[in-house]
Structures are given as C-alpha cells and as structure tokens.
Amino acid sequence: MADKDQEKKVNNNTNNSATNNDYEVAQESYSFWGAVWRRFRRHKLAIVGLWILVFVFIFSFIGPVFYTLDPSENIFEEDVANFYMYKINQAIKQDPGLKEYLGTMLTDFEQTLARANDLKAKAAAGDYQALSELSWSRSDLASAGMQIISMVASYTDSNGNQPFASYIDLTRYLSPPGLPVGAPGHPLGTDDQGRDLLARIMFGGKVSFAIGIASALIAVILGSLVGLVAGYVGGIVDSLLMRFVDIMLSIPTMPLLLALSPLLRRWTKSLTEGMGLGVFGSILPMVLVLALFGWMSLSRLVRAQVLSLKEQQFIEAAQAIGVPTSRILSRHLFPNVIAPVVVAASLAVAGNILSEASLSFLGFGIQPPATSWGQILNVAVNFINSPQQIVRYWNMIFIPGALLFFTVLSFNFAGDGLRDAVDPRMKL
C-alpha cells in the first residue's frame, strides 16, 4: 500500500512538473518578439555584430560628450604663419638684402597669409563656405611657410655666412602636417590639415549612422506604403505601381548619382548657407537620394506578403463587417508583414552606409562642414601619394576604414540573425 501511495505521489509530481513546464513554455511563447529575441540570441555571429554596433554607436554619439575637441579645428598654433612673418621681418631689418633674395616668394607668402586670416575671420562668423576653403588655404599656407623659412635659413650674406641658419628649426611648427597615433593630446593623431582624427572619426560615425538609419527609415515607409496599396487593391493600381518600380530598378543608381553630384552640391550649399541648416543641411540631400533609390525591393517584398495575407479569413471577416480599407492596411496587414520589413531595413542600413561612404570616398557625397568615414578616407587618399606616406600616415586610412568595415559587417550579421529568428522554419 505504501509503495502504491509513493508511486502515485511521484506520478502527480511528474504531471505537475509537466504542466508547469507547459505553462512556462506557453507563457514564454506568448510574445512573438520575445520568441524572436530568444532565437536571435542563439545566432552567435548576430550577437557579436550587435555588440560591435552598440560599441560603435556609443563611440560615435556618446564619445563626443567626453572628447570635446572640434573635428573641424586645425589644432596647430593658429598664428604660426604670422609668427613666421614676424621672424622674417626681423631678419630683413637685420639684413635688408634678404628681402631681395626672397623676391616673389615673400610676396606670395604675404598674400596667402592675408587670405588665410580673412577666411579665418569669416569662418569664425559662421561662413561655412569660408570654413571649407580655410582647410585648403591652411594646407597651402603650411607648404609656403616651410618653403620660405627654408629659404631664409639657407640665405648667405655678403661675408659668406648664414646668419639665419637656425630658422630651419621653425619648420617643426608645421611639420609633419599629420601627427602620428599617440601624439600628446591626440590618441589617433591628426589628419593632413591638423584636425584631430579621433574627433573627426566620432563625428563621421555619427553622420554615417544618421544617414544609414534615416534613409532606411524613409525607404521603409515609402516601400511599405507602395507594397501595401499595390498588393491589397490589385488590378490597374497594382500594375501601374509595379511598372513604376520596374522602371526605378532599371536605373543605374551609382552613375546617376555621380552625374547629379553638381546639383547635390549646389543643393547642399543652399541648405547650409541660404537656410542656415548647417550640418543637417549637408546630410539631408544624401539621405533623400539614398531613400529615393532604396525603397523598390522592399515594396515588392511587402506586396508579395500582402497578396498571400489578403485571402486569409481574418481579412475577409474585416471586409465583411465594413472595416475601412485604411484600417485594414494599418491594423491588420502591416503588423503581419512588419517582421520581414524589419529584417530588410536592418540590411538596408548597412547598404546605405556603404553607398554613402563610396560616394564620399569618390568626392561626390558629404561636403564640408560635415564629414563622414567615406570623406575622411577621401581626404587621406588625396593626401597620401607614396608608400612611405602610407606607412607614416596609416592611421588616416586604416582606422576609419576598419570602423566602416566592421560596422557594415556587423549590420549584415545582425540582419542575417534577425532574418533567421523571424522565420520559424529556420533551425537555430
């Protein structure tokens, strides 16, 4: 009898445990997105990609709160060239023959210095065009300054002496134009124009993220709207919309963007200067252009989902009781297609970041005063023209390039993991 009671007790405990497990499984499976997250966590590469994206996001958006250097500021002494001019005038007073020796070189240096000072004053007053020109003017000024100081140092007087030979030491103020990694106060060094590279990479990451996410969001809204309407209404509306999508897909995007680049530059200049939108005006044209050419594939995806869903009984029931079309689209159809839309959007962000970087690298994308990882690479490639300079200024190419590479790769990993997580047929 005791054995039977014990066996009955064990069976009851087993049944209760099974019931509790069933309850827990049912409770955990209640939320679709909860189940997606559990499946997503099993995708190891997706989790690695997600952590990398979190790090890059914190680095780009929170980093500037603590690292406050201006990414557009030339960190070398602002009045170095004026100091050169002061020293040259002192030398001329000591030996007037030096002025004749320098000749047109001195005149050119004075004119370049006057222009740089004028641009600096305009840039300080908020003139973005002057700020853009100032970076190039400073580069010219640095080159001219070192040349004329070298000439002063090599000057030989009537006695065969070189009284200003020590002036050659002044060239260290503007040489090298790019500081190496680990320079005091500049962990990643500076670019060719003396701008802090860490501050520029942070700012560039912010711009690249903003362009990628904003353009993907606009493309999702536009593509989802077209796909919902085309799939649900059908008929002539579906045919017209899909033929328009076919036309848009047949346009070679990159050559068209390169051809439109002069127009984009004028538009950017108008937004930044005429309307006073600053950096936002610099990135807005790129966001709209990438969104304009990025919604077509998504619209086809949504349309295919809607075509299969609109024959379901819950849609027929909603139509039978007179639910408005707009409500059917927004409350019944769109929530059922949002999972593949989210996956497509995550992959589109990576594609948009890469497209923006490619255009900026070619010089047709983001324009000053804004910057992006692609534009930083463009500046580096234009500056570096020999293997020796690649070794010396590797930080200007490989650091932003590595961040761009790992960010795009991480978005792809996360997108693949999300795609597998929302598909219950995939084994994770």
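Here is a chat about a few features of this predicted model.

User: Which residues make up the nonpolar patch on the surface?

Analyst: In this predicted model, the patch is formed by W37, L50, W51, V54, F57, I58, F61, I62, V65 and F66. Together they have about 1,000 Å² of accessible area.

User: And which elements give two or more residues to it?

Analyst: Those are helix 3 (44–61) and helix 4 (63–66). Helix 3 has the largest share, with 6 residues.

User: Switching to helix 16. How many of its residues are buried?

Analyst: 9 of the 11 residues in helix 16 (373–383) are buried, so the helix is mostly covered. Among the buried ones are W373, I376, L377 and F383.

User: What covers them?

Analyst: The cover includes helix 3, helix 9 (197–233), helix 15 (325–361), helix 17 (387–392) and helix 18 (395–422). Helix 3 also gives residues to the nonpolar patch.

User: Since helix 15 came up, at what angle do helix 14 and helix 15 pack?

Analyst: The angle is about 180°, and the axes are 11 Å apart. Helix 14 (residues 313–320) and helix 15 are therefore roughly antiparallel. On the helix 14 side, F314, I315, A318 and Q319 make the contact, while helix 15 brings in I328, H332, L333 and N336.

User: Now charges. How many salt bridges are there?

Analyst: The count comes to 5 salt bridges. One of them pairs the side chains of D246 and R300, at 2.2 Å from N to O. This pair links distant parts of the chain, with D246 in helix 10 (residues 235–249) and R300 in helix 13 (residues 296–309), 54 residues apart.

User: Are D246 and R300 buried or partly exposed?

Analyst: D246 is partly exposed at 27% relative accessible area, and R300 counts as partly exposed at 39%.

User: What does R419 do in helix 18?

Analyst: The side chains of R419 and D416 meet in a salt bridge at 3.7 Å, N to O. The two are 3 residues apart, which means about one helical turn separates them. R419 also forms a salt bridge with D420, where the closest N and O atoms are 3.5 Å apart.

User: Is D420 buried or exposed?

Analyst: D420 is buried, with a relative accessible area of 10%.

Conventions
Residues numbered from 1 in each chain as written. Predicted model: local features only at pLDDT ≥ 70, side-chain atom pairs only at ≥ 80, totals over all residues. Heavy atoms only, no water. Patch = residues over 30% accessible without salt bridge, like charges linked within 9 Å, V, L, I, M, F, W, Y side chains within 5 Å. Areas by Shrake-Rupley, 256 points an atom, 1.4 Å probe, with all protein chains shown as cover. Salt bridge = Lys/Arg side-chain N within 4 Å of Asp/Glu carboxyl O. Helix = DSSP H or I, 4+ residues; strand = E, 2+ residues; numbered from the N terminus. Buried < 20%, exposed > 50% of the residue type's maximum accessible area, 1.4 Å probe, protein only. Contact = heavy atoms within 4.5 Å. Axes fitted to C-alpha atoms, helices over the stretch in contact; angles between N-to-C directions. Parallel < 35°, antiparallel > 145°, perpendicular 65-115°, else oblique.
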